[in-house]
Amino acid sequence: MNSADRDAWIRQAQRGSVAAFERLYGAHVDRIYGLCLRMTADPATAEDCTQNAFIQAWRRLEQFQGRSGFGTWLHRIAVNEVLMAQRRQVLDSSGIVHEEAAADAPTEVGLDLETAIAELPEQARHIFVLRAVYGHTHEEIAELLGLVSGTVRAHYHRARQALKEQLRLEDDND
Amino acid sequence: MTEEQSQPDSLDRRIDALRREITPQRDLWPGIASRLGRRLPAREERSAFRRLNEWLPAGAALVAGYLIASWFPLPWAAELSPPDIDVNVTSPVTLLTSVQPVLQQLPAKTRAVVEVELSGLEQDRLSIEEALAADPNNPLLQELRSSAEARAVSVLAQMNRLTNTPASEGLEM
């Protein structure tokens with residue numbers, strides 16, 4: 001997908017073309033799902049969040065002005081969907097713990113790291129995924145998650161330390 | 001140099017090796033497509049309401065707003081004052097039919113845009129109510145109904161805003 005194609009699809013989708021929006025979906029779904037899966041550590045919730053993110057994007061498409069990239073804009077919507085989904089889970093008080101997340105995590109590369117990320121506390125996991133995996137700045141993460149950047153930095157540092165410790169333990173066991 | 005860059009370690013190498021893109025195990029598009037609904041292009045939508053603002057007499061806007069409010073059982077609908085114009089309102093009303101007198105006052109292109117929106121709202125309501133009749137406790141259907149109600153409220157808010165616009169600011173009385 002080149003940038004001219006993408007821009008044309010966005011314009012067509014803004015005029016109401018579902019077909020153009022489907023092309024945008026095809027171009028972005030894997031990255032959005034990857035983000036949602038790593039943030040939620042649960043495939044089913046990640047699927048829901050991905051679907052909701054694209055539905056929200058469709059509804060808000062008229063607000064997309066092109067000041068940031070479409071992928072970045074979509075990313076922010078997806079993060080918001082993940083946060084809302086997890087708030088709903090808290091409200092439901094279901095107490096669901098996603099024990100199976102690790103088993104369903106990507107298996108080809110870095111399984112140990114994927115497992116360790118999935119086992120981080122929720123907020124630390126969000127911050128680590130957004131910072132280390134998807135390259136957001138501390139300030140961007142603070143804005144996305146409604147935190148101050150110092151808190152983000154502290155969580156990120158602790159998450160890195162926790163992952164290092166866990167991975168070293170596993171290395172020793174190997 | 002940042003803290004992370006100054007400490008190249010196996011963690012960073014492992015992070016670099018992670019795939020940023022992961023394909024879902026099932027096709028998510030059908031579920032998305034079924035919930036997209038119609039969305040008016042922003043320019044046309046804004047244009048339609050701007051033309052409403054230019055053309056719709058305030059009294060007629062009040063009628064339309066009242067009819068939309070009566071279409072859904074909104075908790076505050078009863079607080080709305082009935083329109084000055086004598087209109088037979090039965091509840092529930094068929095939205096598109098009820099606002100026809102108002103729509104007829106609009107320019108053809110604007111009327112077409114508004115009719116599409118109202119028709120969609122009505123179809124959505126009918127299909128949701130049908131589904132809820134068979135499965136009244138389904139949380140997804142209840143959420144869809146709430147969403148449809150919110151859309152109707154949005155239309156109502158637009159109309160009420162028109163009615164609140166003084167004649168000196170563009171409404172032709």
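A:A57 is buried, with a relative accessible area of 0%, where buried means under 20% relative accessible area, exposed over 50% and partly exposed in between (1.4 Å probe, protein chains only). The model is predicted: local features need pLDDT of at least 70, side-chain atom pairs count only at pLDDT 80 or more, and totals for chains, interfaces and linings use all residues. Residues are numbered from 1 along each chain as its sequence is written, chains are lettered from A and ligands numbered from 1 in the order in which they are written, and side-chain values use heavy atoms, with hydrogens and water left out.

- A:A57 lies in helix α3 of chain A; helices (H or I, at least four residues) and strands (E, at least two) are DSSP runs numbered from the N terminus.
- Apart from neighbours within four places in sequence, A:A57 has contacts (heavy atoms within 4.5 Å) with A:F21, A:W73, A:L74 and A:I77.

**The loop residue A:A41**
- A:A41 sits in the loop between α2 (18–40) and α3 (43–60) of chain A.
- Although not a glycine, A:A41 has a positive phi of about 60°.
- Most residues other than glycine have a negative phi.
- A:A41 is also buried, at a relative accessible area of 8%.

**Chain A overall**
- Chain A contains nine helices and zero strands.
- Of its 174 residues, 48% count as buried.
- Among contacts in chain A with a separation of 6 or more, 62% involve residues 24 or more positions apart.
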